[in-house]
Amino acid sequence: MSLQGKTLFISGASRGIGLAIALRAAREKANIAIAAKTATPHPTLPGTIYTAAEEIEKAGGKAFPIVCDIREEDQVQDAIEQTAKKFGGIDILVNNASAISLTDSQATTMKKYDLMHHINGRGTFMVSKYAIPHLIKSNKNPHILNLSPPLSMKEQWFKNNVAYTMSKMNMSMCVLGLAGELRRHKIGVNALWPLTLIGTSALKLVGDTSKMSMRSPEIMADAAYEVFLKDGAKFSGNFLIDELFLRQEGYTDMDQYAPGVRKFTPDFFIPDETLKEIEELRTKQGWN
């Protein structure tokens, strides 16, 4: 399979992981809708939908930058319809846009709570809702990929930042439900989450990252690419961790995502059994 000629709708694709996924698809001459709010330069974050479009075009893809705040229903509907009209349909949806505040209940303002739940949970559901009719029409192995963690009801993931965790698990519940709902339409619905922290400019807004060992967004882009190549009719309802999934797909060169680094800062929501499985594969397969 190939992504050539397929149309991807990626929320929050003006920078970071979303842009990395777009660039990976662009290398195979895919069509990519960059649906994000940043039409003018952000005061602290690099990139806009237009600079992202330039990068995508240079990488070989066809870019469609479109201003879209996924909290606004009319903007979502319009962005989806414009994308389908421009490229003749939508084949892959990537729910990447997300908001984060790592604060406990007393430090989380209701404004922050609403922001996270409107973008992470409601936004993911709404973008999926309006994209699904187009995905059903696709005959090009349609997929939905949410950048969300494995579902878990363990206290350890909720106690320090309950509002944020609730919002991310909401995204993952969308995967669980939509995988079942859309199975008869042969649409693959999966979740992808990083094993380690990913070095994006947005992460720096959360806290000091100078002492953290992180990987580049390209590891998530490669993992997403491998998901899109799977037969969605058979590969659905999975909660994937980037390195584990890539190793299972035959990737062993993990050094490319953080040259020379062997000890990483784990991301949130990584189960102990996953860490154990990763260590076993690292021992067996090596790093290069």
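Me: What should I know before I start?
Reply: The model is predicted: local features need pLDDT of at least 70, side-chain atom pairs count only at pLDDT 80 or more, and totals for chains, interfaces and linings use all residues. Residues are numbered from 1 along each chain as its sequence is written, and side-chain values use heavy atoms, with hydrogens and water left out.

Me: How many aromatic pairs does the structure hold?
Reply: Seven. Rings of Phe, Tyr and Trp (its six-membered ring) pair if their centres lie within 6.5 Å; planes under 30 degrees apart are stacked, over 60 edge-to-face, and the rest tilted.

Me: Is the pair F235 and F245 stacked, edge-to-face or tilted, and why?
Reply: Tilted, because the planes are at 35 degrees. The ring centres are 6.0 Å apart.

Me: Where do F235 and F245 sit?
Reply: F235 is in the loop between α7 (218-229) and β7 (239-241). F245 is in helix α8 (residues 242-248). Helices (H or I, at least four residues) and strands (E, at least two) are DSSP runs, numbered from the N terminus.

Me: Is F245 buried or exposed?
Reply: Buried, at 3% relative accessibility. Buried means under 20% relative accessible area, exposed over 50%, partly exposed in between (1.4 Å probe, protein chains only). F235 is buried too, at 16%.

Me: Which residues do ring pairs link into a cluster?
Reply: W157, Y164, W193, F268 and F269. F269 lies in the loop between α8 and α9 (272-285) and is buried, at 2%. F269 also has a positive phi of about 70 degrees, although it is not a glycine.

Me: New topic. Where does α4 bend?
Reply: At G123, by about 45 degrees. The bend is the angle between axes fitted to the seven residues ending there and the seven starting there.

Me: What about S172: where is that?
Reply: In helix α6 (residues 162-181). S172 is buried, with a relative accessible area of 0%.

Me: What does the side chain of S172 reach?
Reply: The backbone oxygen of P149, at 2.5 Å. Leaving aside neighbours within four places in sequence, S172 is in contact (heavy atoms within 4.5 Å) with S148, P149, L151 and F239.

Notes
Polar contact = N/O pair within 3.5 Å; in protein donor to acceptor, adjacent residues only side chain to side chain.
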